[in-house]
Amino acid sequence: MKYDYDLFVIGAGSGGVRAARIASQAGARVAIAEEYRIGGTCVIRGCVPKKLLVYGAEFAQAFADSKGYGWTVHDARFDWPTLRDNVQKEVTRLSGIYTSNLIKAGVTPFEERAELIDAHRVKLVKSGGEFTAGRILIATGGAPQLPDGLPGLELGISSNEAFLLEKLPRNILIVGGGYVALEFANIFHGLGAETRIVHRGDRMLRGFDDDLRAHMHIETERAGIKLTMKTTLTRIVKSGDRLRVTLSNGEHVDTEQVLFAIGRHPNTRGLGLERAGVEVDKYGAVVVDEYSKSSVDSVFAIGDVTNRVNLTPVAIRDGHAFADTIYNNRPTPVDHRNVPSAVFGRPPIGTVGLGEGDARLSHGEVHVYRTNFRPMRNMISGNQERTLMKLVVDARTDVLLGVHIAGEDAPEMAQLAAVAVKAGLTKKQWDSTVALHPTAAEELVLMREKVQSPGSLF
Ligand SMILES: Cc1cc2nc3c(=O)[nH]c(=O)nc-3n(C[C@H](O)[C@H](O)[C@H](O)COP(=O)(O)OP(=O)(O)OC[C@H]3O[C@@H](n4cnc5c(N)ncnc54)[C@H](O)[C@@H]3O)c2cc1C
């Protein structure tokens, strides 16, 4: 049977765009549909604009630190519309590049929502167009989760809206305990808003190494962000031009903004997957095999919608591997182990591999190396922020299982540490590398004494 397209991709984010381009360059006839803006979450309302806001927020600390270095900064003032609009200009520029790269690669873009009619047919919701395709790739990503049923929910915002605020709130209450909550707290705090995080768990950053989590609690509070754990919201009401939030501990908080960052769900609602017989799990994620094939032979899924490792470089890898497997005749499974990740809090985190707790569960006995120090750059500035570095090593094989860093430039360090962990280096090989002085990173190769765990921070 002749199809309109060999491949129809739904969702032009990190994964969908990569898959469409590689498939088209391999000779496939490819279309892609995007319901919001080409580029997807990362480019439009995730990694990229977030990192730009982090850069913007960091000037506050840099100005404070500069005094000890002899600088006097007069009259430093911050203007939110300038930063917001400059970030949006950059986002628009990048979205344009994504679009033109798709077109250059011969992909047909449709800028509207698409849904499945069956395992080989797709409909465009606005224009009503219908197309057949040899294969359909679901690359619809995820969307912010909201606390269903909370009275006054509509008065809050999610990360989607945070980038576009008309004015910077004087104070903000952020709900959630994951990296998005912590990063936005860092951004708003740095830009001058009084910031508080309310989280139902007893500690932030579930899934990260426990020492890192403890360190981030100490440092986040030291930075001036208020943390309220084991607490939820019970109601939000409007009170003049402010919001009155009631917490489960009975407290009332008056704030200008409430931001929900309680997680994300796979974007499969209303997509028509059931019409094609595609299996989803209890969270709505498309269930796929190692080649990203769903329960239906002609339907594949990549990136956040599969809820495996929800990060941009993973979605891109998934998309590339899918296109290589199917259209370049190069079967490529994606290895989702030892993916490095970052949290742009204060200090920032860079981490790769297993945390100590997970390592003990999967490998039994482990050796732990840990150091906690005030870095050189903070000494004469008076900045009290401390750096934590930790290595987790398999006691039996000496293989490095995890590297966890919270400190200035930690994400930059973690990218390179990931090469060592991915390559399966031993601690002995790691230590044979001569230190690079004077850096903070040199401490990573100078940790020789095993420490007792759990750490003293508990
Ligand atoms: C605030 C925030 C910060 C983040 N920071 C980082 C970070 O620092 N580093 C990192 O690696 N990752 C980060 N992420 C995660 C990262 O954005 C995602 O992992 C990545 O975008 C996933 O790519 P994807 O291709 O699976 O989906 P997406 O990039 O989400 O793309 C999916 C696209 O599909 C579209 N779509 C959905 N349904 C339909 C439909 N029916 N028809 C047409 N189009 C549809 C959506 O509009 C979207 O554009 C962040 C996420 C958020 C929210």
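**View 1. Residue S158 counts as buried, because its relative accessibility is 5%.** Here buried means under 20% relative accessible area, found with a 1.4 Å probe on protein chains only. The model is predicted, so local features need pLDDT of at least 70 and side-chain atom pairs count only at pLDDT 80 or more, while totals for chains, interfaces and linings use all residues. Residues are numbered from 1 along each chain as its sequence is written, and side-chain values use heavy atoms, with hydrogens and water left out. S158 belongs to strand β8, residues 157–158, a strand being a DSSP run (E) of at least two residues, numbered from the N terminus. Leaving aside residues up to four places away in sequence, S158 touches P144, L146, L259 and F260, where contact means heavy atoms within 4.5 Å. S158 and L259 are 101 residues apart in sequence, yet 5.4 Å apart in space, C-alpha to C-alpha.

**View 2. Three strands form an open antiparallel sheet in the order β12-β13-β14.** Two strands pair if DSSP finds at least two bridges between them. Because β12 (233–239) and β14 (252–255) stand at the edges, each with a single partner strand, one side of each is left without a neighbour in the sheet.

**View 3. Strand β13 (residues 242–247) pairs with β14 in the antiparallel sense.** This pairing runs over four bridges, and R244 stands opposite D254 in β14. Strands of a sheet pair through backbone hydrogen bonds, either parallel or antiparallel.

Note on methods: Buried < 20%, exposed > 50% of the residue type's maximum accessible area, 1.4 Å probe, protein only.
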